[in-house]
Amino acid sequence: MGYSIAEEKIFNSGHAACPGCSEALAIRYIVNTLGRDTIAVVPPSCIAIISGPQPYSSMRIPVYQTTLESSAASAAGIKRALKAKGNDHTKVVVIAGDGGTYDIGFQALSSAAERNEDFIYVCLDNEGYMNTGAQKSSSTPYLAYTTSTPSGKPTPKKNLAEIMAAHGIPYVATATTGYPDDLARKVARARELKGMRFILVLTPCLDGWGLADNAGPKTSRLAVESGIFPLYEVEDGVRYTLNYGSKGIPVGAYFSQQSRFKHLAQAQLDEIQTMVDVNWRRLQTKF
Amino acid sequence: MRKEHTRLLLNGNHAVAYGVRLAQAKVIPVYPITPQTPIVEKISEFQARGEMEVELMTAESEHSAMSACITASLTGVRVFTATASQGLMLMHEMLHYASGARTPIVMANVNRTIGSPWGFWPDQTDSLAQRDTGWIQYYCEHGQESLDTVLQAYRVAEQALLPAMVVHEAFYVSHALEAVEVPDQTIADRYLPPFDPPHRLDPEIGESWGNTVNQDMFHRHRHDLGQAMERVPGLAREADAEYKKLTGRGYGIIEQYRCDGAKLVLATMGSMAGTAREAADQLRSAGVAVGLLKVKLFRPFPTEDVRKALQGVPKVMVLDRNFAPGTGGFLHQELKAALYGMENAPSVHGYLAGVGGTNVSPANILELAQAALTEGPAANSVWKG
């Protein structure tokens, strides 16, 4: 897409993420793109661990750590207070996990979107409660192993990008750490807009997904190229733009990097391939 | 100076709204619930008429309303919200979070029964069940007191950096009309300085809040919180005295009424104090030496003041319009604890009266007083109607 990443060093080394962690990579591109005039809201998650225990901080911006379900409401409170003080320049960003977004934080998120609150909400989606030992969330894919779905999750992943787009908010985008320039460009785009902006970032979890330490970016790219996680933008709930879509790579190639799908039989793989193909065709009609 | 006010016919909830307007709260996240809603409706009216510059955030739940109160306060503005009953229950997690974050939020709670089963009736259990959340709690007898207490609560909360609840009961206070003196804005401004905290969420300062701490840091944090709470009775006494100088109205953190030489003191909170005052007058007229102790500041519990007030009193009769299964009336428990170890402490009779919002008339209280004067005290609270 011809975007070069202009980074301001806000996120620093020495943080507590696992070596090779996709979330650390995502946080770097998010906060370094947003810049110094930003306040971050972080609920309990690996992001909270990476942010750093008191009195340390991996980010050179104020970080407010809130409760698991209240990120969107907390961010709205900060932004309303800034407005009341006549501050129209400081950005507010939520960086939350999928459990805190798809599940327990969804009520506050949907309400903030309906009110078109003026902040950026980034969900780092690693498809489960990885910080508590890899339990299932409503983002966990169909048939994936987690410690709370040892036989595989019986229902598909919730389609949060489309749910957020259906709120008609100014900006919704999907992104992933295997495409860092695309991710940074989307954060920069969100930064220029007003109102509620939502970015869903797929962040493969080395431990939770059973990946090799260096497999994060490759797995991320395979998620896109197999059509499982297409990268696109939606403005005002209606104007869809495709950035990166399926290259026809079979889902098996994506799954082969991970241990959470290794129990699948060929018939199950075929079933998932059909679902992915249907979803990809359905999405393509919107561009 | 005492003429610097407007006299209006207001219900208790609207009186609270006038108090909030005078305090010039800047962010008000809210969620509707009966019987709180008239407070927020009136504030919305003030905003629509251009009489109040405020960010009203219509949250999807009380939990989110309180979450937004905390961050708005941490960003450095004066914040208000109001709730009742189930709403307060839903906020419970964030009540602890608010005091932990040392945010001087002021919230009005209109006491209402907690389900199940459903009810809409005056009962103080909702707020009293939050007594351990680190919030200052004031109980008010009438709308005038509620308005005045909102301003006092902001002053004390911002000095102690603790959140404060201003509480009055459903309908008896929330919807009862009475003449209320609304102080002029100049008086409120003289009383309540602008809120400008040195620690706040601000990129220019770079301070964060909420990160994980170690055991020692948590220990010190709780100790600090406790010390702040210990300062509150003194701050609240001073806030009340200053308020009285400016408006002519003061309440004390407790009120002693006709307690001189009393052989029985009625102890209660909120609207029942008015009824008990009437009962005390009737008993005094009949030659029975009965007084009233109204506990206005319930958290922190004004132990010293209560001990002093009950020095030499042989009997106390506590009227609790609230109930904790297994322990009884909240004021009864707290009063017994406050008097424990005191030399010649009065015997304490705990009566559950008006639980669930049943009416307690002066005549009922006269009967209860006669019972207390003749019976020995029971260890636990006794159901009396």
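## Basis of the description

Two strands are taken to pair if DSSP finds at least two bridges between them; strands (E, at least two residues) and helices (H or I, at least four residues) are DSSP runs, numbered from the N terminus. The model is predicted, so local features need pLDDT of at least 70 and side-chain atom pairs count only at pLDDT 80 or more, whereas totals for chains, interfaces and linings use all residues. Residues are numbered from 1 along each chain as its sequence is written, chains are lettered from A and ligands numbered from 1 in the order in which they are written, and side-chain values use heavy atoms, with hydrogens and water left out.

## The open sheet of chain B

Chain B contains an open sheet of six strands in the order β9-β11-β10-β13-β14-β15, with mixed pairing. Its edges are formed by β9 (254–257) and β15 (382–383), each of which pairs on one side only. Strand β14 (residues 347–352) of chain B runs parallel to β15(B) and is joined to it by two bridges. Within this part of the sheet, B:L352 stands opposite B:W383 of β15(B).

Two helices lie across the sheet strands. Helix α9 (residues 272–285) of chain B lies across β9, β10 (264–268), β11 (290–295) and β13 (315–320) of chain B, running at about 165° to β11(B). Helix α12 (residues 362–374) of chain B lies across β10, β13 and β14 of chain B, at about 140° to β13(B). These angles run from 0 to 180 degrees between N-to-C directions, with axes fitted to C-alpha atoms, for helices over the stretch in contact; contact means heavy atoms within 4.5 Å.

## Covered helices of chain A

The 13 residues of helix α1 (residues 22–34) of chain A should span 18 Å at 1.5 Å a residue, and the separation of the end C-alpha atoms, 18 Å, agrees. The expected span is 1.5 Å times one less than the number of residues. Eleven of the 13 residues of α1(A) are buried, where buried means under 20% relative accessible area, exposed over 50%, and partly exposed in between (1.4 Å probe, protein chains only). Among the buried residues are A:A26, A:I27, A:Y29 and A:I30. Just after α1(A), A:G35 adopts a positive phi of about 90°.

Helix α9 (residues 216–225) of chain A is largely enclosed by the rest of the structure, because seven of its ten residues are buried. These include A:L222, A:A223 and A:V224.

## Individual contacts in chain A

A:S74 belongs to helix α3 (residues 71–84) of chain A and is buried at 0% relative accessibility. Apart from neighbours within four places in sequence, A:S74 is in contact with A:V41, A:Y64, A:T66, B:S67 and B:T71.

A:E235 lies in strand β7 (residues 231–235) of chain A. The side chains of A:E235 and A:R189 are joined by a polar contact of 2.6 Å. A polar contact is a pair of N or O atoms within 3.5 Å; within protein, one must be able to donate a hydrogen and the other to accept it, and residues adjacent in sequence count only if both atoms are side-chain atoms. With neighbours within four places in sequence set aside, A:E235 is also in contact with A:I169, A:P170 and A:Y171.

## Cysteines

A search of the whole structure finds zero disulfides over all chains, a disulfide being a pair of cysteine sulfur atoms within 2.5 Å. For A:C46, the nearest cysteine sulfur is that of A:C205, 6.2 Å away; A:C46 is partly exposed, with a relative accessible area of 23%. The sulfur of B:C259 is 20 Å from the closest cysteine sulfur, in B:C140, which is too far for a bond. B:C259 is buried, with a relative accessible area of 14%.
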